[in-house]
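Q: Can you walk me through this model? I'd like the overall layout, then some details.

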Amino acid sequence: INAEYMGAKRPRTDFLPPPCSIQWVCNEGFHQKVPCLVALIKACVTTETDAFVTLKDTSGSMRGTVHRRVFEEHPHLGVGSVLVLRQLSVFSPNSRAHYLNITPRNIVAVFLPNK
């Protein structure tokens, strides 16, 4: 796995809380910002404005949107990339559907798949 960082140095992650799971977000964490999440991009569909992704971890899968500036800052981001995220907002149109909103401020690190 290749790491793509926001700067020349490896980002500090010691300030992050232990990662939450997608299962936790879907069951109870959607009422608040998600403090930390590590997930793999399982599927990605881009549009002219943003992208729709399916994220996966060991506990399950969840859909979300990725702001277009994320792709401007991380042009190689795609299926197979692993995201380390913080302070994620969750959009819940009803009690059973939850979607993550990912912006550049949420990204701590991106790990790209080996080609």
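**Layout and contacts**

A: From the N terminus on, the elements run β-α-β-β-β-α-β-β-β. Helices (H or I, at least four residues) and strands (E, at least two) are DSSP runs, numbered from the N terminus. This is a predicted model, in which local features need pLDDT of at least 70 and side-chain atom pairs count only at pLDDT 80 or more, while totals for chains, interfaces and linings use all residues. Residues are numbered from 1 along each chain as its sequence is written, and side-chain values use heavy atoms, with hydrogens and water left out.

Q: How many helices and strands are there in the protein chain?
A: The protein chain has 2 helices and 7 strands.

Q: And how much of the chain is buried?
A: Of its 115 residues, 37% count as buried. Buried means under 20% relative accessible area, exposed over 50%, and partly exposed in between (1.4 Å probe, protein chains only).

Q: What share of the contacts join residues at least 24 apart?
A: That share is 60%, among contacts between residues at least 6 apart in sequence. Contact means heavy atoms within 4.5 Å.

Q: Let's go to β3. Is it mostly covered or mostly open?
A: Mostly covered: 5 of the 7 residues of β3 are buried.

Q: Which strands does β3 pair with?
A: β2 and β4. With β2 the pairing is antiparallel over 6 bridges, and threonine 46 has alanine 51 in β3 as its bridge partner. Strand β4 (residues 60–66) also runs antiparallel to β3, joined to β3 by 7 bridges, and there valine 53 stands opposite glycine 64. Two strands pair if DSSP finds at least two bridges between them.

Q: What joins β3 to β2, and to β4?
A: A hairpin through 4 residues joins β2 to β3, and a hairpin through 2 residues joins β3 to β4.

Q: New topic. How many salt bridges does a search of the whole structure find?
A: The search finds 1 salt bridge. Aspartate 50 forms a salt bridge with arginine 68, with the closest N and O atoms 4.0 Å apart. Aspartate 50 lies in the loop between β2 (34–46) and β3 (51–57) and arginine 68 in helix α2 (residues 68–73), so the pair ties together parts that are 18 residues apart in sequence. The cut-off is a side-chain nitrogen of Lys or Arg within 4 Å of a carboxyl oxygen of Asp or Glu.

Q: What about histidine 98, where does it lie?
A: Histidine 98 lies in strand β6 (residues 97–102) and counts as buried at 8% relative accessibility. Residues touched by histidine 98 include Cys26, Phe30, Met62 and Ser92, not counting residues up to four places away in sequence.

Q: Which polar contact does its side chain make with another side chain?
A: The partner is the side chain of serine 92, at 2.7 Å. The backbone oxygen of serine 95 also lies 3.3 Å from a polar atom of the histidine 98 side chain. A polar contact is a pair of N or O atoms within 3.5 Å; within protein, one must be able to donate a hydrogen and the other to accept it, and residues adjacent in sequence count only if both atoms are side-chain atoms.

Q: And where is serine 92 found?
A: Serine 92 is found in strand β5 (residues 82–94) and is partly exposed at 29% relative accessibility.
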